[in-house]
Each structure stands twice: as C-alpha cells, then as structure tokens.
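Subject: Structure for your review

Dear colleague,

Please find below the structure that I am handing over to you. I would be grateful if you could look through it alongside the notes that come after it.

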Amino acid sequence: MDYSAVLNETRENFYKKRELFSKVELNYVAGKNNLRNRMLGFLTFDYYKRSRLIKSGEIFYGYVFRTYFDSLNEDKPTATWLLFSPTKEFNDNPELYLSINDNIVDFISKGKPKNKLKKLYNLLTLELAEPVYYELPSELTNNKLVYLSFTYLRKFQVPAFRPGINLFIAAKNISKEILYLPMDYWVDEYKEYYLPKNIQE
C-alpha cells in the first residue's frame, strides 16, 4: 500500500465531509453516541475542545502498541497507548514506528531505570498512566520527533480494531486529545489493508 497516497485521499475526503457535518455526525466522530460516552472526560478541557479538534484537526498515522480492554464491560471504551509523529516522514512511511516500538520493548525489558528515564518507564508500564504528547528521548526514536500519547478507542467507531498502524485526528495547537478516525471515513484501499479478508468479503 502507498501510505502517503492513501493518507492524502483520506484527508481530502474527510475534510470535505466535515464541512457539512450535522450535530449527529459530529457527535459520532466525537464518540458521544450514548450517555456513557458523552460522560467520558466530561470535566476536562479537552472534552470541550473536541468539536473544534474534529473540525480543524489533521489526520495522521499513529502506532498503537498497548491496549487495556475491560472484559467485564464490552461497551466501555478501550484504553490505548500509541506512538505518534506529526512529521511527513512518518506519514509517508508509518512502518518507521516498528523499529521505535522495538526500542521501547527493549527499554522496558531492562527494568525500571534510576535516572531521568524513570518517568518514561512509568508512562509506558503503569496501568493508570495517561501520557499526552510526551516527547520520547532521541535514543529511542532514532533521533526523530515521536510522541507517546494515550487515547480511548470506542468500539462502535472501529469495530475491527487491531493494534499497530491506525488513523487518528490530532492538532496539538487545539487540544492534547487524539481521536481515532472512525472506520466510516476510511478509503477503500485502507480498509483492504486493515481489515481481515473474512470481513472484507
């Protein structure tokens, strides 16, 4: 798949559609489809910036490397941790995240450090950690700009979700929140790349 071409097509299609979004469509992308999801993050600044983020944010590739799913409550959003870079280099080739993920796995395997990287270790391993735009140290990113972030996955938006390369809406100058781009706004080539064959048929 030509990642750059697919991303450009996805952006073009979504940006046109969002100009005409109804309140229902805006709430759908914002993950506010029911009372539980409308209450998630209700008292945070990012909650109130979400509509602006959807209307003005950009679509990027990110790499989900960790998830936490509450098996007792299937309707509850899934906590996910991702690597994310706004740079063209990563959006042209998101497979660059793979080597960085390997560096993170190696970093964690060595145990908790006693130096300045102790905070990063906690952000990567603690269940309740919710990092936002945490810039990873250059030794883990091959001297590239990569952030560690946390966001919720709402299953109704990406029902065939899998870890790895995913599409997100982000704009650091608007909000620290990052949102999954719902599957309804994916272009066909990305669906073919992402979805299992049995779902495509």
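The notes below cover confidence, salt bridges, charged patches and backbone geometry.

Please bear in mind that this is a predicted model. The mean pLDDT of the protein is 89, and 87% of its residues reach 70 or more. Among the elements, β5 has the highest mean pLDDT, at 98, while helix α10 (residues 197-200) has the lowest, at 51. Where pLDDT is low, the predicted coordinates should not be read in detail.

Salt bridges

A search of the whole structure gives 5 salt bridges. One of them joins E177 and R50, with the closest N and O atoms 2.9 Å apart. This pair links distant parts of the chain, since E177 sits in the loop between β5 and β6 whereas R50 belongs to helix α4 (residues 45-56), 127 residues apart. Are these two residues buried or exposed? E177 counts as buried because its relative accessibility is 14%, under the 20% cut-off. R50 likewise counts as buried, at 2% relative accessibility.

The side chains of K144 and E89 also meet in a salt bridge, at 2.9 Å from N to O. K144 is in the loop between α8 (138-141) and β4 (147-153) and E89 is in helix α5 (residues 88-92), so this pair ties together parts that are 55 residues apart in sequence. K144 is partly exposed, with a relative accessible area of 26%, and E89 is partly exposed at 39%.

A further salt bridge is formed by K110 and D106, whose closest N and O atoms are 3.4 Å apart. K110 counts as exposed at 66% relative accessibility, while D106 is partly exposed at 40%.

Charged patches

On the surface, K49, R52, K172 and K176 gather in a patch of positive charge.

A patch of negative charge on the surface brings together D2, E9, D188, E189 and E192. Which element gives the largest share of the negative patch? Helix α9 (residues 188-194) does, with 3 residues. E9 comes from helix α1 (residues 3-18) and is partly exposed, with a relative accessible area of 38%.

Most residues other than glycine have a negative phi. Y133 has a phi near 45°, a positive value in a residue other than glycine. Y133 lies in the loop between α7 (118-125) and β3 (134-135) and is buried, with a relative accessible area of 9%. N142 has a positive phi of about 55°, although it is not a glycine. The place of N142 is in the loop between α8 and β4, and N142 counts as partly exposed at 39% relative accessibility.

Within helix α2 itself (residues 23-30), the buried residues are L26, Y28, V29 and A30.

With kind regards

Technical notes:
Residues numbered from 1 in each chain as written. Predicted model: local features only at pLDDT ≥ 70, side-chain atom pairs only at ≥ 80, totals over all residues. Heavy atoms only, no water. Buried < 20%, exposed > 50% of the residue type's maximum accessible area, 1.4 Å probe, protein only. Helix = DSSP H or I, 4+ residues; strand = E, 2+ residues; numbered from the N terminus. Patch = residues over 30% accessible without salt bridge, like charges linked within 9 Å, V, L, I, M, F, W, Y side chains within 5 Å. Areas by Shrake-Rupley, 256 points an atom, 1.4 Å probe, with all protein chains shown as cover. Salt bridge = Lys/Arg side-chain N within 4 Å of Asp/Glu carboxyl O. Lys, Arg positive; Asp, Glu negative; His and termini not counted. Charge placed at Lys NZ, Arg CZ, Asp CG, Glu CD. pLDDT = per-residue confidence, 0-100.
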